[in-house]
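I want to go through the side-chain pairings here and then see what they sit on.

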Amino acid sequence: MEAIGQLCHSTKLDSIDFSAGVDAIFFCGGHGTCSDFVDNSAIKSAIETLYGNGKIVSAVCHGPTCLPQCNKADGSPLVKGKVVTGFKDSEEKAVQLESLVPFMLEAKLKELGGKYESADDWNSKVCVDGNLITGQNPQSSEECAKAVIAALS
């Protein structure tokens, strides 16, 4: 019951001090993230602060839609030169939602210089590149979470 109470009264992201006391953040997927995570200043600030402090930034499935707005300390895209994954363009086309998302995630990550990797559609794929951990699709959720736990250990 305590956990449900906490979920019903969760803390707003922009009220958390990510410069101290936070070791990781994990962005789950789902198509709702395509509107909630894009151009979100609170998410951008949280990711850039954590990443810049060497903390874990993780996202799975459509969760990586939060990454294109983020930059490294030098101003370059956060994903530039990083091995990453996220919901594949072919998976988006398979669910026939490509016209509803703000951008095709695979294409956007590549456009920004990410070294995009993937498994066959609907198979698990997790990429760990330093403190950035990404998972391809719903089938990757458990392995992505395990990778975050391992990185924190």
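Is K108 buried, partly exposed or exposed? I looked it up: K108 is partly exposed, at a relative accessible area of 21%. My classes are buried for under 20% relative accessible area, exposed for over 50% and partly exposed in between, with a 1.4 Å probe and protein chains only.

Ground rules before I go on. This is a predicted model, so local features need pLDDT of at least 70 and side-chain atom pairs count only at pLDDT 80 or more, while totals for chains, interfaces and linings use all residues. Residues are numbered from 1 along each chain as its sequence is written, and side-chain values use heavy atoms, with hydrogens and water left out.

**K108, continued.** I find K108 over the face of F103, 5.4 Å from the ring centre. The test is NZ of Lys or CZ of Arg within 6 Å of the ring centre and within 35 degrees of the ring normal. K108 also forms a salt bridge with E111, with 3.6 Å between the closest N and O atoms. By salt bridge I mean a side-chain nitrogen of Lys or Arg within 4 Å of a carboxyl oxygen of Asp or Glu. Both residues sit in helix α5 (residues 105–111), three residues apart, or about one turn of the helix. Helices (H or I, at least four residues) and strands (E, at least two) are DSSP runs, numbered from the N terminus. E111 is exposed, at 59% relative accessible area.

**Other salt bridges.** I get nine in the structure. What does D129 bridge to? Its partner is K82, and the closest N and O atoms are 3.3 Å apart. This one links distant parts of the chain: D129 is in strand β5 (residues 126–129) and K82 in the loop between β2 (56–60) and β3 (83–84), 47 residues apart. I noted that both D129 and K82 are buried.

In helix α6 (residues 141–152), E142 and K146 are four residues apart, about one helical turn. They form a salt bridge as well, with closest N and O atoms 3.3 Å apart. E142 is exposed at 53% relative accessibility, and K146 is partly exposed at 43%. E143 joins these two in a network of salt bridges.

**Aromatic pairs.** Rings of Phe, Tyr and Trp (its six-membered ring) pair if their centres lie within 6.5 Å; planes under 30 degrees apart are stacked, over 60 edge-to-face, the rest tilted. I count two pairs by this rule. F27 and F37 make an edge-to-face one, 5.3 Å centre to centre with 75° between the planes. F27 is in strand β1 (residues 24–27) and F37 in the loop between α2 (33–36) and α3 (41–52), so the pair ties together parts that are 10 residues apart in sequence.

**Around F27.** I checked β1: I25 and F27 are on the covered face, A24 and F26 on the uncovered one. β1 and β2 run parallel, joined by four bridges (strands pair if DSSP finds at least two bridges between them). F27 has A59 as its bridge partner in β2.

Which residues touch the most other members of the largest nonpolar core? F27, I47, V57 and L67 do, out of 33 residues. A nonpolar core is a set of buried Ala, Val, Leu, Ile, Met, Phe, Trp, Tyr and Cys residues joined through side-chain atoms within 4.5 Å. α3 gives the most to this core, with five residues.
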